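Subject: Structure handover

Hello,

Please find the structure below.

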Amino acid sequence: MTQPSDVQVRALVLTQSEDRKVTATFRDDLTVDDLPEGEVLVSVEASSLNYKDGLAVLGRPGVVRKYPMVPGIDLAGSVLESSDARFKAGDAVLLTGWGVGEGHWGGYASHARVKADWLTHRPAGMDAKKAMALGTAGFTAMMAVMALEDHGLTPDMGEALVTGASGGVGSVAVALLAQAGWTVVASTGRTEEESYLKSLGAHEVIARSVLSDLKRPLEKERFAAGIDSVGGTTLAGLLACTRRAGAVAACGLAQSAELHTTVLPFILRGVALLGIDSVMCPPERRERVWARLNSEVPQVLLQEGVHEHSLSEVQTLAEQILAGQVRGRTVIIP
């Protein structure tokens, strides 16, 4: 499609030198002609900060697949031009996943050109800031809640545990489960956030070590359901103390990608481990997830757990999120 020649693009651009050192540079001299191919040109009104964004911005291996790259795995804004009949100028849209910010230029820019298949129309009443206050983290948390529901679990069956509860996915998961009537136990490495987590609906807050220190393949049964965003020994400990016929939705690796456990929780208690892939979630399910988020997310989460920052602060924030120092959700305004 023909792009307007007078549109200037501001962006945070990652480049890699021959010795594989990654540098992040703010550019304000780009045009739409510099953007990668796609059917839809979006004016970006907000993005967000996720753990994966922190890894990308700081040049950690395993995220960005090619350079130069504009990071930012989430974006929300309005359509400027589209060659796809599903979208027209002025449409309010959002995008999470699909490898954007990793293999295709992402949301840390004033404009993005993307494939129409990747976009979702924002639900009525959801502005760009609310969309990014939720973002990939909120989307993933709701997918996990829905996976537990699809498994047949209900609040009357017992407690639900959320690991990494102070982080993006965890804080939304705590709020959503509490809103749905679950008795929520929040596991966190930052127990000083107890009052914040209880304001989101947590009934009890426990230290991360309570789970990660568990060593036996089967522990005393306690939790009917779990949402885990950290992996490693924490997930192994959670599986060991999940109740018979319970389930854990796994969606992250903030602690570790490794999982050292046994088959005993699965074959002796019928515990299920449910994998959550929010990156390649099909469009039809995306619409259902976002509709539920728009109607069910508690207002307290948007009031207490969301912080707004400018694009110029992203590099500092990236260091903080990898160090586990970012609470809740961070909205980035380009």
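The notes start with conventions and then go through the pockets and the residues.

This is a predicted model, in which local features need pLDDT of at least 70 and side-chain atom pairs count only at pLDDT 80 or more, while totals for chains, interfaces and linings use all residues. Residues are numbered from 1 along each chain as its sequence is written, and side-chain values use heavy atoms, with hydrogens and water left out.

Pockets
A pocket here is an open set of points on a 1 Å grid over the protein atoms alone, where a 1.4 Å probe fits, with protein on both sides within 12 Å along at least five of seven lines; lining residues have an atom within 4 Å of a point. The largest pocket holds about 1,000 Å³ of space, a volume being the space filled by probe spheres set on the points. Its lining has 45 residues, and Tyr-51, Ser-229, Gly-252, Leu-253 and Ala-254 lie nearest the centre. The second largest pocket has about 210 Å³. It is lined by 16 residues, with Leu-214, Ala-236, Gly-237, His-260 and Thr-261 closest to its centre.

Residues
Ser-48 is buried, at 0% relative accessible area (buried is under 20%, exposed over 50%, partly exposed in between, with a 1.4 Å probe and protein chains only). Its contacts beyond four places in sequence include Asp-74, Tyr-108 and Arg-329 (contact: heavy atoms within 4.5 Å). Ile-333 is partly exposed, at 23%. The C-alpha atoms of Ile-333 and Ala-46 are 4.8 Å apart, although 287 residues separate them along the chain.

Regards
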